[in-house]
Amino acid sequence: LGDVYKRQGMMTVSAENASGETLSDSQRQTVMERMEVLATLGIVPKYEEINIELDKEVTRADFADAVAKLIRAENYSGSAPYFYDVPSSHWAYQTISSLAERNIINGTAERLFRPDDAIAAVDAVKILLSVMGYGDYAQYQGGYPTGYLATANRIGISKGISMTGTFTNAKMYSLLYQAMTTEMFAGVTSVSYTHLRAHETGRNL
């Protein structure tokens, strides 16, 4: 692992990600600042709750949980599980089921979500573009995966983030932050997106 960065004696942060891409001091500082904003808003865990590893691989459950908190879709209104492998006892049952209820995420034909599998960068991008209202536009641009990657690049949410290799915490923090500070697609009015829209300029975080 790379150098260790410490904040107030409460956490340690590795400076090299799992795909072998070493973060520069300025990149690491940027990620830390973005993480702090996300933690303050309750989207990712607070510093004192975990030892942050920027190089840690992000699971499908990790990312779905963060997105649900980003758009304040944390409570599932149904009574039966959407996915066989995300039972009511699963730590992210509410948030994963809530996103599925809103047609933001889907699983396999066998109704499996594979919550513990690593999430690919393009799948993370697809989820965010869907909640931001760019899903149809991305489909028009070529669909999965090229249309989603092209759209993410065009609107800037993937700026400075490698879309290849392991999708790490460092990449997740930057992707979430940049999505949160990017304007949503015109015409999206659902109240479930109020939190995201409130910060679309990135000036009042």
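The model here is a predicted one, in which local features need pLDDT of at least 70 and side-chain atom pairs count only at pLDDT 80 or more, while totals for chains, interfaces and linings use all residues. Residues are numbered from 1 along each chain as its sequence is written, and side-chain values use heavy atoms, with hydrogens and water left out.

F113 turns up again in an aromatic cluster, together with Y76, Y82, F83 and Y93. Rings of Phe, Tyr and Trp (its six-membered ring) pair if their centres lie within 6.5 Å; planes under 30 degrees apart count as stacked, over 60 as edge-to-face and the rest as tilted. F63 belongs to helix α2 and F167 to the loop between α6 and α7, so the pair ties together parts 104 residues apart in sequence. Helices here are DSSP runs (H or I, at least four residues), numbered from the N terminus. Both F63 and F167 are buried, meaning under 20% relative accessible area with a 1.4 Å probe, protein chains only.

Now for the core. A nonpolar core is a set of buried Ala, Val, Leu, Ile, Met, Phe, Trp, Tyr and Cys residues joined through side-chain atoms within 4.5 Å. The largest one has 56 residues, and F63, L128 and L176 have the most contacts inside it. Helices supplying at least two residues each include α1 (25-40), α2 (60-70) and α7 (169-180). The top contributor is α7, with 8 residues. Beyond its neighbours within four places in sequence, F63 is in contact (heavy atoms within 4.5 Å) with residues including V58, I119, L128, F167 and L176.

T151, in helix α6, counts as buried at 1% relative accessibility, and its side chain reaches the backbone oxygen of G147 at 2.7 Å. D65, in helix α2, is buried with a relative accessible area of 9%. Leaving out residues up to four places away in sequence, D65 touches W91, A92 and T95.

Key:
Buried means under 20% relative accessible area, exposed over 50%, partly exposed in between (1.4 Å probe, protein chains only). A polar contact is a pair of N or O atoms within 3.5 Å; within protein, one must be able to donate a hydrogen and the other to accept it, and residues adjacent in sequence count only if both atoms are side-chain atoms.
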